[in-house]
Amino acid sequence: MKIEKNYLLLLIITCAAIFFVNLNSLPVNIMEARNFITAREMLTDGNWLLTTINGEPRYQKPPLPTWLTAFSAAIFGIKTVWALRLPAAIMTLILVLFSYKFAKKLTHFSPFGGDREGANPYAFISSLIMATSFYIVASARDGQWDIYTHGFMVGCIYLLYLFFTDEKHKYRNALLAGLFFGCSFLSKGPVSLYGLLLPFLLAFGIVYKYKNFKSRWLPLLAFLAVATVVSGWWHWYTLNFDPAAIEITKKETTNWISYEIKPFYYYWSFFTQSGVWTIPAFIALLYPYLKNRVFNKKAYMFTFLWTMLSVILLSLIPEKKSRYLLPVLIPMALNTGFYIEYLFRRFKELKDKRESIPVYFNFGLIAFIGIAFPIGGYIFLKDGLDGNWIWFVLLSIALFIIAIFMFRNLFRRKIATVFYLTIAFIVAVIWFGLPLSNAITINPDYKPFSELHAFEEKENLKVYEFSGMTPELVWDYGEKMEMLNKDGEFITPSENRFGVLVSEESLKHFEEVYPNYKREHIARYDMNPKGPDSRTHKTRLYRELFIVTKE
């Protein structure tokens with residue numbers, strides 16, 4: 001069977017190997033914990049519409065990803081971490097498949113002119129780049145909101161592309177695009193509208209123009225109607241049935257201009273977020289160099305403009321975080337695919353060292369890491385390898401063998417083979433490397449919050465959190481945890497004897513709030529993966545437990 005006939009199947013298998021394997025290896029992070037707590041309270045308390053976190057209103061983010069997480073948890077178990085992350089992995093697979101279909105349409109058929117390439121591997125290449133870009137992989141294996149909003153928006157963009165370029169099925173494509181748009185908005189508000197759809201519409205208008213628009217007005221209105229209804233109904237519901245929603249919405253909106261403020265140029269190392277594709281992604285953005293080397297100039301100009309406009313628009317927003325660059329990686333993968341496809345065709349013929357040296361350096365560096373890992377990995381992980389030797393040996397063997405074949409084919413200028421071996425390199429890290437995360441959890445004082453239940457039962461008392469909620473700790477506790485700090489006012493429990501968890505920063509304040517109580521320090525509950533001597537040891541991930549008794 002020719003590989004060209006099996007691109008879609010191979011893409012699905014590759015995505016499954018990257019997104020679905022070892023989903024429970026890494027600990028639950030703060031963004032996931034918020035989502036998982038809300039999903040848990042949907043199942044335990046029935047808070048499906050007026051969503052909550054630790055019993056308090058949680059309207060900062062729309063609920064669709066949390067609904068999907070809760071459905072998965074209802075099927076496979078609320079405490080099963082891989083089940084809670086499964087919907088994000090499925091959403092990323094959908095994103096990659098829509099991108100593959102879009103890339104095929106973009107380059108294999110252009111009603112406005114351009115090249116036609118029947119069996120060109122471009123769509124397959126660009127989709128593999130997308131599936132293995134660092135932030136895409138991280139989001140696929142992380143139960144947070146971003147991958148949902150951008151995954152649904154890619155579906156919307158694909159359908160809008162069909163709507164603008166195909167004279168058939170206008171209403172079908174418009175209505176489905178509106179549904180996908182609404183699902184994107186129900187995942188994280190206008191984030192993907194601004195960071196992904198708007199630059200797409202601008203780039204499409206510049207490169208392809210909006211033609212035959214008279215016949216598209218009515219279906220476009222249908223798109224807007226569906227998009228508005230699906231996007232807005234939950235926001236309308238919360239604003240009308242819970243007054244707290246108004247203040248939460250104001251605060252969330254204010255954060256865009258007053259929280260995590262970074263300079264305009266903060267995002268301009270954006271191509272590094274693609275991980276192993278950093279150098280190819282950068283070269284693909286050198287438009288004057290590549291424009292006459294690609295097989296489809298119009299499509300390349302479009303993906304280039306889409307990428308750059310996305311970065312520019314995101315740079316205009318004062319609030320900036322590295323993970324907000326996720327939408328940029330989608331058009332950038334499509335753009336990088338043009339460069340890799342060019343290397344597939346022409347690398348053996350390249351005489352100019354300025355063109356070949358970056359290729360040798362990029363893939364040679366990956367291969368060198370594979371060769372060096374058995375020694376370097378042992379030096380770095382040796383203190384935590386007890387019980388993890390099998391994973392370390394498997395990873396060392398896999399990376400070493402892949403690296404040898406990468407060097408061999410790189411010297412023979414078989415760049416297609418080198419490219420696919422790079423994909424295999426990433427799969428090996430996912431399969432054999434992620435279980436090694438246990439090797440860096442070397443905190444001798446590690447004590448999870450889930451063990452508090454045994455303490456409460458033994459001492460026959462209730463434990464409270466003194467000052468503030470840390471989502472990871474509440475998630476691990478397994479149920480809602482009552483706070484003594486109520487909007488700045490500290491309450492006194494009715495019990496004569498109770499437990500209190502106090503953060504390091506609040507110890508002095510704790511003594512001031514309960515001066516007439518006997519305070520007995522019992523233990524530290526510490527969920528940091530590394531011990532107190534480590535620079536990564538965070539005060540927010542541990543609490544001192546006291547028994548407080550009325551004198």
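Modeller: Below, we take a few descriptions and test each one.

Biologist: How confident is the predictor in this protein?

Modeller: This is a predicted model. Its mean pLDDT is 90, and 95% of the residues reach 70 or more.

Biologist: Where does pLDDT stay under 50?

Modeller: Over residues 110-118. The model has 22 contacts beyond four places in sequence for that stretch. Where pLDDT is low, the predicted coordinates should not be read in detail.

Biologist: Why are helix H1 and helix H5 called roughly parallel?

Modeller: H1 (residues 7-19) and H5 (residues 122-132) pack at about 5°. Angles under 35 degrees count as roughly parallel. Therefore H1 and H5 are roughly parallel to each other. Their axes are 10 Å apart.

Biologist: Which residues make the contact between H1 and H5?

Modeller: H1 gives Tyr7, Leu10, Leu11, Thr14, Cys15, Ile18 and Phe19. H5 gives Phe124, Ser127, Leu128, Ala131 and Thr132. By class, 9 are nonpolar, 3 are polar and none is charged.

Biologist: What makes E3 and E7 edge strands?

Modeller: The open sheet has 4 strands in the order E3-E6-E8-E7, with mixed pairing. Strand E3 (463-465) and strand E7 (517-526) each pair on one side only. The twist averages 30° from one strand to the next.

Biologist: How do you know that E6 and E8 pair?

Modeller: Pairing needs at least two bridges. E6 (residues 497-502) and E8 (residues 542-550) have 6, in the antiparallel sense. Arg497 has Thr549 in E8 as its bridge partner.

Biologist: Which helix packs on the sheet?

Modeller: Helix H19 (residues 452-459), touching E3, E6, E7 and E8. The direction of H19 makes about 15° with that of E8.

Note on methods:
Residues are numbered from 1 along each chain as its sequence is written. This is a predicted model: local features need pLDDT of at least 70, side-chain atom pairs count only at pLDDT 80 or more; totals for chains, interfaces and linings use all residues. Side-chain values use heavy atoms; hydrogens and water are left out. Axes are lines fitted to C-alpha atoms, for helices over the stretch in contact, and angles run from 0 to 180 degrees between N-to-C directions. Helices (H or I, at least four residues) and strands (E, at least two) are DSSP runs, numbered from the N terminus. Angles under 35 degrees count as roughly parallel, over 145 as roughly antiparallel, 65 to 115 as roughly perpendicular and the rest as oblique. Contact means heavy atoms within 4.5 Å. Ala, Val, Leu, Ile, Met, Phe, Trp, Tyr, Cys and Pro count as nonpolar, Asp, Glu, Lys and Arg as charged, and the others, Gly among them, as polar. pLDDT is the predictor's confidence in each residue, from 0 to 100.
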